[in-house]
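Student: I would like to go through this model with you and check what each term rests on. Shall we start?

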Number of protein chains: 2
Amino acid sequence: MIRRLCIFGVGLIGGSLALALRRSGFCQSVVGCSRSEQHLALAVEKGVIDTYCLDAAEAVQDADVVLLSVPLGAMGPVCTSIREAIREDAVLTDVGSAKASVVHAVSAAFGGAPAGFVPGHPIAGTERSGVEAAFPELFEGRRVILTPLESTAAEALETVRAMWQATGAEVEEMSVAHHDEVLAATSHLPHLLAFGLVDSLARMGEREEIFRYAAGGFRDFTRIASSDPVMWRDICLANSEAILKVMKHYREDLDAITEAVKHGDGDTLLAIFRRAKSARDRFCD
Amino acid sequence: MIRRLCIFGVGLIGGSLALALRRSGFCQSVVGCSRSEQHLALAVEKGVIDTYCLDAAEAVQDADVVLLSVPLGAMGPVCTSIREAIREDAVLTDVGSAKASVVHAVSAAFGGAPAGFVPGHPIAGTERSGVEAAFPELFEGRRVILTPLESTAAEALETVRAMWQATGAEVEEMSVAHHDEVLAATSHLPHLLAFGLVDSLARMGEREEIFRYAAGGFRDFTRIASSDPVMWRDICLANSEAILKVMKHYREDLDAITEAVKHGDGDTLLAIFRRAKSARDRFCD
């Protein structure tokens, strides 16, 4: 049970978590903190949080759990602003999509990772963003990956695990490095490919007439290109090493496909398409 | 009004068209023809077609409209088998995803494109295939592109236009070359990228454990990789020139993104992501 949860960044993820925890009774009160009083007031009005506070140090004062749900680039500055005020026994966790960069930012701000710090990442979201898009069922049946550090206290880990389980999520643990590689492959690379494709087509000199002939498959394929550009810039900068690694693999595979198309090599194309269909059919609905 | 429609290949597209035309009363009777008696019998049983015929020449004998809804590689052989039997005043049309190759195959089989031949392509479909997946609403509100040739008779064009309009589709005309470029960009390239990504990840040596962490965005992004491998091999072979052209553009754009990630160039990434999001939000739901 959490007595007082302080959430930095009350958007789709932070707001949905607040809604889920209040609904489940796992959390007595939620205070929100961000730079925009307008957004925070809206979050209170929509019943997402109980109260808000514009001053970061003040916001964390009585919190037993502090959640960082801000863009990756803001993790460090927020930690610096709460460093002196956060309770010594408080649990600190985050929802960042690239863990090494968050661990680095938190450790730098606190002069070493605090024992209460549990890096986390819910594998959930939509292409929409903002507190208006928040809903309490967002995490139901979804995976949340925790990447505890050597310095992480066992009780802090248990609190964060129980918090996510209360939202209906399945919680797993893995190393920071493994998380960053898996997400680069399954999330960051696909987003880059989709953003790149839509931009590429938009610039093909057809005055975007071309999109009129896009079928359902194209809409599905490019849905993630409607995601928040600032958030994705931050992710690309924060997880560049793992992204470049999977991009290299992918480009080699794309080379092979391109060569097969060029040489009319139907057998190679068929083998690739069959392997892909079979892998996807096994793992996705 | 069509008295007797003969459909070669009663799968998702051919079957859905038959259902839509019978429901609208635009067509009195539909005869199906394919290599599989089992599939044809199922199509009769499901009320998709009235009757079937395993002999191609016999199937077209009384048909006033003949629809080719077979894989691109089978267009030529089917035309050769009906060449002598098809009525001289019959309308011949198809649903192939690459028009130049169909025009070539039909012209080769008939010794020049017949006046009744109207190349066509409904921009509709799902990742599913087969007559089991057919439904009469598939074309409602979707675009159908007709690419009439110089040799195409005006009445034949009107019949095919009216046929598609009876399904609820919006019919447009463009040149064969323009069609093939637009579809390479909006459909063929995205399919190659999705097939390539799923195969690439499946081979990353994680025993496909990696797919467990794929979120909703990945499922949407890769849905088209569950499409029929044989059909897509045929499309790649049939429209290779246009596909290689758009692939070249796309790879240059992907190079620029990769360089920006490598050099931590957030401004370039943000500009690309913003252009893409804005283009997609304008054109897709």
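**Domains, their interface and a sheet**

Tutor: Gladly! Chain A is divided into domain 1 (2-174) and domain 2 (178-283), with bounds from an automatic or database domain assignment. This is a predicted model, where local features need pLDDT of at least 70, side-chain atom pairs count only at pLDDT 80 or more, and totals for chains, interfaces and linings use all residues. Residues are numbered from 1 along each chain as its sequence is written, chains are lettered from A and ligands numbered from 1 in the order in which they are written, and side-chain values use heavy atoms, leaving out hydrogens and water.

Student: How do you know that domain 1 of chain A and domain 2 of chain A are in contact?

Tutor: Contact means heavy atoms within 4.5 Å. By that rule, 15 residues of domain 1 of chain A are in contact with 13 residues of domain 2 of chain A.

Student: What is the area buried between domain 1 of chain A and domain 2 of chain A?

Tutor: About 1100 Å², with carbon and sulfur atoms giving 70%. Buried area is the accessible area (1.4 Å probe) that two parts lose on being put together, summed over both.

Student: Why are strand 7 of chain A and strand 8 of chain A said to pair?

Tutor: Strands (DSSP runs of E, at least two residues, numbered from the N terminus) pair if DSSP finds at least two bridges between them. Strand 7 of chain A and strand 8 (residues 143-146) of chain A have three bridges, in the antiparallel sense, so they pair. In strand 8 of chain A, Ile145(A) is the bridge partner of His121(A).

Key: Helix = DSSP H or I, 4+ residues; strand = E, 2+ residues; numbered from the N terminus.
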